[in-house]
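Hello,

Here is the structure I promised to pass on to you. Have a look at it first, and my notes follow below.

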Amino acid sequence: MIPELGHFALILALIVSLVQGTLPLIGAHRVNNGGRAWIALARPAARAQFFLIVFAFVCLTWAFVANDFSVVYVAQNSNSRLPLEYRLAGVWGGHEGSLLLWMLMLSGWTVAVSLLSRHLPDAMTARVLGVLGLIAVGFLAFILFTSNPFERLLPAAADGRDLNPLLQDPGLIFHPPMLYMGYVGFSIAFAFAIAALLSGQLDAAWARWSRPWTTAAWAFLTFGIALGSWWAYYELGWGGWWFWDPVENASFLPWLVGTALIHSLAVTEKRGCFKNWTVLLAIAAFSLSLLGTFLVRSGVLTSVHAFATDPRRGIFILILLATVIGASLFLFALRAPKVGLGGSFGLISRESLLLMNNVLLVVACGSVMLGTLYPLLIDALGMGKLSVGPPYFNAVFVPLMVPLLVLMALGPLARWKHADLAAVLRRLTFAFVAAVAIAIAVPLLYGKWSPLTAMGVLLAAWVAGGSVVAIIERRRTGGLAAQPLHWWGMHLAHVGVAAFVLGVTMVSSFQEEKDVRMEPDDTVSVGGYSFRFIGVREAMGPNYRAMVGELELSRDGKVLRTMQPEKRAYLTSAMPMTEAAIDTGLLRDVYVSLGEPVGERAWSVRAYYKPFVDWIWGGCLLMALGGVVAISDRRYRMRKAAASTAVPQGAAA
Amino acid sequence: MRRLLPFALLALLVLFAGAASAREAAPTAEDVVVEKRMVAISEELRCLVCQNESLAASQADLAKDLRREIREQIQDGRSDQEIMDFMVGRYGDFVRYRPPLTGATLMLWFGPFALLLTGVVVLVVYLRRRSRRVAATLPALSAEEQRKVDALLGGTRDTTEGRKP
Amino acid sequence: MNRFLLPLGIFIVLVAFLAVGLNLNPREVPSPLIGKPAPAFELPQLHKPELSFAPKNMLGKVWLLNVWASWCVSCRQEHPILVDFAKTGSAPIYGLNYKDPRADALRWLKQYGDPYALSIADAEGRVGIDYGVYGVPETYVIDKAGVIRFKQIGPVTQDVLEAKILPLVKELNK
């Protein structure tokens, strides 16, 4: 009965979103012609849709909690022995449920807009909510017609097929919701852009309104991607953190464009420039989220993460994608020629530096996309099959990031309108000297100096140095306390990038790895740490049998702790899973994973020393935190009146 | 019997010594150097039976066999290129994660740099054209006026962002 | 031309490719061995391990090499089709028993029928690597000159047999 209620709620939600996606848009179009009543429908419809989706989501969750194996989706993705937390997270462990999560996020963002948009003109709010309603129509139709999570299985299965063991991890609880918050969050930036194009009011006010939403989505996406990367790191058992898998790339593409977008929004808001470009980026960020959805769920590319596929779904998503993006790009082509230019600025200025940032990020995005889709293009042209993997992406992507990092220190120091490059560089002398010193010293300290390592350290220190210089200068002029939060947010995020770059450089230059055969009492040492193998014992988990290794970690003869990597055999799956044991530290991880038994008491063991690896995710966390700090800025929380002016506050003084 | 005693003592000693100061574990691989080269080569290769994993990372049977094959070929003194050719000869270019530069991959390898070049050229052309258009729409300022405006707008600080008025 | 139409144009091209991509199978890899001589080997026969088999024995004949194993689930799916095909006598099928314990393989043939003129035991899978085998079952059509002319990856279906293998065999036998 409850699954049917959930199904019914989805159908109602589709009807409500049809209303939300049509009437308010028409009302906003004829605002002086009796459209007000229809405009007023937008907010209640958004809320009703949210409640219906939440209800449906709760119904599906209930089916998981109650082990209702008469629901196909539950029978495929759960099992009566599955611990409760994974039954809850299992709701989004497969295609249908994760789409419902997508939908939940969309309606959540929509309702947030409806609640936090009181300072916006009603017609604008109606348009934004209307566009979001249309997206909801598309996705609800997709769920109901091709991927209904409430479909019944009659007769019911005796027990479920179980959640993929790879997913039975806390990572599943946090990673997809965060990632989807990011993906779907770009729909708000998209809706604002479309609303602005529809109304013809493509001005700085639009940029100001959509800026906090975009930053929020970007912060979620950053956090979500970082969580996924961390999950892969500790779960897959060989210590990698990024694999350039098509599905990873699918989440990375909107991130790159989203990063470009938050920068160009800054220019559009403050200076009224690049409006067309910013709108195009807002459309692109969400389009790439949709493209990602298509790639993951249609089976056109092979990936470790891909969902089980059904050609009907691929066709449906492709049509949805073509309609949504095609229509918005068409609208863009219609409206963009009439948009004004905005203020003037010199060839060297903060504006032009931010444009350069955009060019580099968009080219990086284009390159990753080219590599991801190239096998498909070649195959579609009948030119054979090929694979594009990590060696390609590393060769292409890294060089593109170098100029970006170089410019990153300059941008925040350059003036709007017209900057004096020589003066900016002079101010950065200290940062440059310090960065060079660090780049010489740090690799030597770790025992091996190489140009590439030094280059990475140099860039990281340079980026961080740029922020340090900016902060010191403000302090000297006594303005530090008066700096707005978004200024701090930007520097926090930039320092995060520096930390990330340092982490990547250090771990790829100085990690140590040993693959050994260990009998009890054998030791292996990596990076100055020593593991003594105590033995392996058997243990039972709720739905798996595990071989638990015990190793004593010590350094300079001092015992630090016992580490317990596991090898699990899940009862419902033939696939063995490794659970690495990691000792996390500020400056290094030591990582050990259990391989196969290779003798009566001997096991193969992999031990790693990974310097600075946590800086990779720490850096991402700082970036996301920077986003959060930036949106807490009070200027986003007020004033209808002030919002409509494009003139920066400083200039009026 | 007597003659055996020293040996027994020695054996005991070794046993205790073993417990007190543990032995360094032996690498799983017979030859660490060969293993390193094998891993480097197999990271460039795609596992055919997996969804999308490198030969180095995969635990599939075929991947294990192919790693063994690579190891043996290294021990036979074959070069990396010869081993790569061996793989491509059997499974096609599909196994290479780094596609070779051919007519079909020109766009893949040069696309990013062409894109960057286009981006930069378009940017510069756009900025020049834009400043001309903006200048045309604004009343012209004399050099003296321009200096004053600049001084007013930005001269007192580094950026216009920030401080509340 | 409105330059703002450019993004739309690029997007339409992309969608066209994606649409074509939907009908392709990214997991199917064409063999580079087609049109090349079948790699030489010499392996013991499955039933009489004291005897060996080499592809050069087959020069002058059109034949099929079918890679199979008792642990391979989809081999069971194609097996009846092979059994029927063997009865027609249009071309002999040689089985390459891939990474299979001998007893299992023999039991399997007894249970499901033996369409093979003879089977060859590739216990370590080395010949499989030379032939670029990656998904058992696989089937090769080899011509009189010992050149591989066709490869089926995955089970031979009735459709594949009638549309591709039979006409090819007829053509090669002319």
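The C-alpha centres of domain 1 and domain 2 of chain A are 43 Å apart. Those domains span 1–168 and 512–614, with bounds that come from an automatic or database domain assignment. Each side gives eight residues to the contact between domain 1 of chain A and domain 2 of chain A, where two residues are in contact if their C-beta atoms, placed from the backbone, lie within 7 Å. On the domain 1 side there are four nonpolar, one polar and three charged residues. For these classes, Ala, Val, Leu, Ile, Met, Phe, Trp, Tyr, Cys and Pro count as nonpolar, Asp, Glu, Lys and Arg as charged, and the others, including Gly, as polar.

Before you read further, please keep in mind that this is a predicted model, in which local features need pLDDT of at least 70 and side-chain atom pairs count only at pLDDT 80 or more, while totals for chains, interfaces and linings use all residues. Residues are numbered from 1 along each chain as its sequence is written, and chains are lettered from A and ligands numbered from 1 in the order in which they are written.

Next, a helix pair. The axes of H13 (residues 350–380) and H14 (residues 390–410) of chain A come within 10 Å and cross at roughly 170 degrees, which means that H13(A) is roughly antiparallel to H14(A) (over 145 degrees). Axes are lines fitted to C-alpha atoms, for helices over the stretch in contact, and angles run from 0 to 180 degrees between N-to-C directions. Helices (H or I, at least four residues) and strands (E, at least two) are DSSP runs, numbered from the N terminus. By class, this contact has 17 nonpolar, three polar and no charged residues; among them are Leu353(A) and Leu360(A) of H13(A) and Phe393(A) and Leu400(A) of H14(A).

Chain C holds an open sheet of five strands in the order E5-E4-E3-E6-E7, with mixed pairing (strands pair if DSSP finds at least two bridges between them). E5 (118–122) and E7 (148–153) of chain C are at the edges, each with a single partner strand, so one side of each has no neighbour in the sheet. E4 (residues 93–98) of chain C runs parallel to E5(C), joined by five bridges, and Asn97(C) stands opposite Ala121(C).

Finally, 26 residues of chain A are in contact with 18 residues of chain C. H12 (311–335) of chain A is one of the elements giving two or more residues to the chain A side, and its eleven residues are the largest share.

Best wishes

Definitions and conventions: Angles under 35 degrees count as roughly parallel, over 145 as roughly antiparallel, 65 to 115 as roughly perpendicular and the rest as oblique.
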